[in-house]
Each structure stands twice: as structure tokens, then as C-alpha cells.
Amino acid sequence: MELRLHNTLSRKVELFVPIQTGKASVYSCGPTVYWFAHIGNMRAFLFSDVLNRVLKYNGFNVSLIMNVTDVGHLVADSDDGEDKMLLAMRREGKSAYEIAEFYAQAFFADLTRLNILPAKKYPRATDHITEQIAMVEDLKRNGFTYQTSDGIYFDTSKLSEYGQLSGQKLEDKMAGARVDVGEKRNGTDFALWKFAADGVTREMIWPSPWGVGFPGWHIECSAMSKKYLGVPFDIHTGGIDHIAIHHENEIAQTRGADGVLQANVWMHSEFITVDGGKMSKSLGNIFTIQDVIDRGYDPIAYRYFVLSGHYRSKINFTWEALDGAQNALTRLRGIVRDWPTITTPLPLLKKEGSIKFVSPPFQGGVGGGYGEQFHSAINDDLNTSQALAVLWELIGDRTILDEEKAATILEFDRVLGLGLKEYIGRAQFDEIPAQVQVLVDQRQSARTAKDWSESDRLRDEILELGFTVEDTADGQKVRSRVV
């Protein structure tokens, strides 16, 4: 089944054709580790994770690289202001390395909470200064740089293709740049290397052929993606906010240094709005995954919420919307808990006449079923919302055996990443303590007597002991509350 992805560079959905058969090389822009990542940031990383999972689902051997920016990212993406790490040093009274390590570990913890598969490598900018200097030297040798009093800059007027990612012509981008450009030749020019101010002692500065200083933000990604993936590589991902400046400048650097396109496919996830508006510190609506947890939500509910929308569409975050995702996730976990544990290899579970069931890619089986529908959805530019719809349709199909449903949904979860393996068949292992069973029996007596208030009171008491009770046609069903 063909995998089709939207390429920002061409502005259309295209058939994915890797550079090397059976392999996929991916570079995803990672965090700037001066503060906690917020839920908007995490949407981009969830998008990258889904892409990684879909590529693997289609049988590709994936090399995913994600950078960690621990130097060079100024407050404004267009080279204005201070390095974000310097601001964090003043805010917290710690060294830049201490800050970078603390927030990097917080970021990795969030990845684990959201069940995001680890990248092959997380290279840090400070560990690759030599590679960045070498790329700037290549750019200088090829005539793309000039020097000002505060650094080495890329001359965008020397590259006719500049602006191709954003779709703006070079002259239009220059016209739209701020008027006060200082010593820069063009408003779109950007720093490759910034000099340390005279007499100022700061961490994270290095010697270079042009003077002591630190790299610009954009050069790190060009240099590190080249080192670990070569150029060109297959796919570069990031948030939509990276298109106009950061990714445009990455493309320019690689073209200037190596004369090739950095990546063949460029993919970008849209913003998350909060209560219909932009996230802003002044509005107090920037939330982290820890905030989600502190409000009593499972972080996987946030993953479910993100999966329910297409990565190229804005989604509006509200706590009510997260309630809906949490409820859907809880219901899903509750359903699969009652299914049998899967021990038989999936292809052997296909029963004669079960025409809607299909085993996953590369394991045989018949076509035209739920597995094929799911595969078609995810291969249609990562359509996770449609994939979830297929999952729920399968759950509701009474013509499919529960063990077939369980096996198929485990395969779906290779892409969805909801951690359902932990819950399938779990009900059979629930041990009901005697204290809880007494309350369950009392509740049944109350229901027989139609004493609904007493029934509700006993249900709440059972809940406090860590168990839920559900009324079904077959009587009360009791489960441990770990869902």
C-alpha cells in the first residue's frame, strides 16, 4: 500500500519514495532546553512520533535524529535579543550546562509519559561545534558569507532559491523584513556565528577562525543532520512556525555549503490554540504535560486528543476537550480489558467467514477489511482521526471475534501508541478483595429493592477502594480502577 505525505516544499501530497529502498532517514527539530516544553511543543513531537511509527508500520528501517538546542537560539528567531540559555541562567542562578541538562531530562520524561518512541540519537548543539564551524567555513569558501562587528552572516541575496519553502520570492521576503537591519546587508540575512561581546565573560563560547563566540541557531541543524543522515536525506519535520525562518535558513545553508537540497520532503504540524486563542504567558494559558497530570488527567489522554485531529489542521485545546479524550480513552481501555489475552500468532486467528478481519502488513491475511482500512488511513498523509474511526468501528462489529479484535487493535496500536497491550485481557487478572465483594453484594441487594440512593452510595464507596462497578445485562461487572 502506497504511503503518501504532504510536502511543504511542493505544497501537495506526494508518494513517498525513499532515497534508499527500505530505509527512511528523518530529522526532527527538537527542543530548546531553557524551559519546560508546553503542550503546543509536544504536538509537534507527537506528530513526529506518528510519522516514525507509520514508516515502521510500512516496513521501513527508520533512522530518526532529533537535535537538542542548548546554545545559539536567540529570543527572537530572526537573530534578535539574547541567547535563551543566558536568560535562563539569570532567572535560575545556575550554569548553562546545569539548566540544559535539567530541562533536557524533563523533556525526555515527557516523551516517555506520552509514549513517544525514542529517536536513534539526540545530538546536542554544544557537542558539535566543530561540525558547525566547518560548515560556516564551507559557506565562506563558496562566497555566501560576510562579516560584521557582531558576527558572520549568510548573504541571502547570493542564493536565488531562498524563499522556496515559504513560497515567498526573495525580493518579497526582503521587502517584508524589518527596516532597521543594522550592519546586515539584507533584512533576511541571518547569523552563522555570533561574536562574544568584548569584556563579557559567559559560558558556552568557543574559539573559531573569525573570533571567540557561539553558533547561530540555524547552523546546528544543518550541520548535525548532515553528520548523522548525510545530504540529502528523506524527511525533515517540525512545527509550522519553523517554515519561514528556521527551516528556510537550514535549506539555504545546505545549498550554500553542499549545493544540494537538505531534505526531499518537509513536513510541518499546525498550531494548537487554547480556548480558541493563541497560547501566551500573559494570558496564563501555556500548559505543560505536568499541568495535565496535576489536573488529574492521564497524559495518554492528551495523546488521544492530538490523534483525533489531522496534524496539518489547527486543534483547539480546552479542558472540556481533554475530558472527552480522557473519557474515550477510559472507555477504550475498559472494553479491551474484557477481551481474551492474545497468545496465538495473529495470522492464525483469522476464522473462515470473518471477511472484515485482516492481519497487519507483512503478516499475510486477506484484503478488504479493517486492517486495510486502517492502513489506508494512516498512509493517507497520517490521517489518525480516520484511523481512530476505523478502530471504533471494529470494536462495535459483533461479527468479529474478540480475540481477532484484540489482535488487530494491538497492530493498530503500533501506530496509535495508546499502550493498549497493558490493558487487553486485564480483567481476568483482577482480584476482588473480600471487603469490596461485600459492598458489591450489598449494592445488588439495594438495586433489587430499587433503593437507588443506597446503590449510588455503595458504588461511590467501592470507587474509593479503587474499583469500579458497571451494571450490565449480565449483572454487575467489577474492575480495578487502574485504567
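In the predicted model, the largest nonpolar core contains 111 residues, of which M42, L55, Y302, F317, L322 and F412 touch the most other members. Helix α1, spanning residues 39-57, gives the most to this core, with 10 residues. A second, separate core has 14 residues, among them L165, I251, L261 and A263. In soluble globular proteins, nonpolar side chains tend to be buried together. When neighbours within four places in sequence are left aside, the contacts of L55 are L3, F16, A24, V26, F60, V62 and I235.

Over the protein chain, 53% of the 483 residues count as buried. The chain is made up in part of 15 helices and 16 strands. Among its contacts with a separation of 6 or more, 73% are between residues 24 or more positions apart.

Y302, one of the core residues named above, is also among the buried residues of helix α9. This helix covers residues 299-307 and is mostly covered, with nine of its nine residues buried. In the first, helix α12 (residues 384-395) and helix α13 (residues 402-416) pack at an angle of about 165°, and their axes are 11 Å apart. The angle is over 145 degrees, and α12 and α13 are therefore roughly antiparallel to each other. Their crossing is left-handed. On the α12 side the residues involved are A387, L388, V390, L391, L394 and I395, and these meet K405, T408, I409, F412 and L416 of α13. F412, which takes part in this helix contact, is also one of the core residues that touch the most other members.

Helix α13 also holds E411. With a relative accessible area of 14%, E411 is buried, since the cut-off for that class is under 20%. The C-alpha atoms of E411 and Y57 are 8.9 Å apart in space, although the two residues are 354 residues apart in sequence.

In the second pair, the axes of α14 and α15 come within 8 Å and cross at roughly 165°. That makes α14 roughly antiparallel to α15, and the crossing is again described as left-handed. The contact draws on V436, L439, V440, Q442, R443, A446 and R447 of α14, and on W452, E454, S455, L458, R459, E461 and I462 of α15.

The loop between α14 (434-448) and α15 (452-464) contains K450. K450 is not a glycine, yet its phi is positive, at about 60°. At 62% relative accessibility, K450 counts as exposed, because the exposed class begins over 50%. A positive phi is also found at N115, a residue other than glycine, where the value is near 60°. N115 is placed in the loop between α3 (96-113) and α4 (129-141), and at 29% relative accessibility it counts as partly exposed. Most residues other than glycine have a negative phi, and most peptide bonds are trans.

A cis peptide bond is present between V231 and P232, with omega about -5°. P232 lies in the loop that runs between α6 (217-229) and β11 (233-239).

The loop between α3 and α4 also includes T126. T126 counts as buried, at 14% relative accessibility. Its side chain makes a polar contact of 2.6 Å with the side chain of D70. Not counting residues up to four places away in sequence, T126 touches D70, V71, M204 and W206.

Key
Residues are numbered from 1 along each chain as its sequence is written. This is a predicted model: local features need pLDDT of at least 70, side-chain atom pairs count only at pLDDT 80 or more; totals for chains, interfaces and linings use all residues. Side-chain values use heavy atoms; hydrogens and water are left out. Buried means under 20% relative accessible area, exposed over 50%, partly exposed in between (1.4 Å probe, protein chains only). Helices (H or I, at least four residues) and strands (E, at least two) are DSSP runs, numbered from the N terminus. A nonpolar core is a set of buried Ala, Val, Leu, Ile, Met, Phe, Trp, Tyr and Cys residues joined through side-chain atoms within 4.5 Å. Contact means heavy atoms within 4.5 Å. Axes are lines fitted to C-alpha atoms, for helices over the stretch in contact, and angles run from 0 to 180 degrees between N-to-C directions. Angles under 35 degrees count as roughly parallel, over 145 as roughly antiparallel, 65 to 115 as roughly perpendicular and the rest as oblique. A crossing is left-handed if the near helix is turned anticlockwise from the far one by less than a right angle, and right-handed if clockwise. A polar contact is a pair of N or O atoms within 3.5 Å; within protein, one must be able to donate a hydrogen and the other to accept it, and residues adjacent in sequence count only if both atoms are side-chain atoms.
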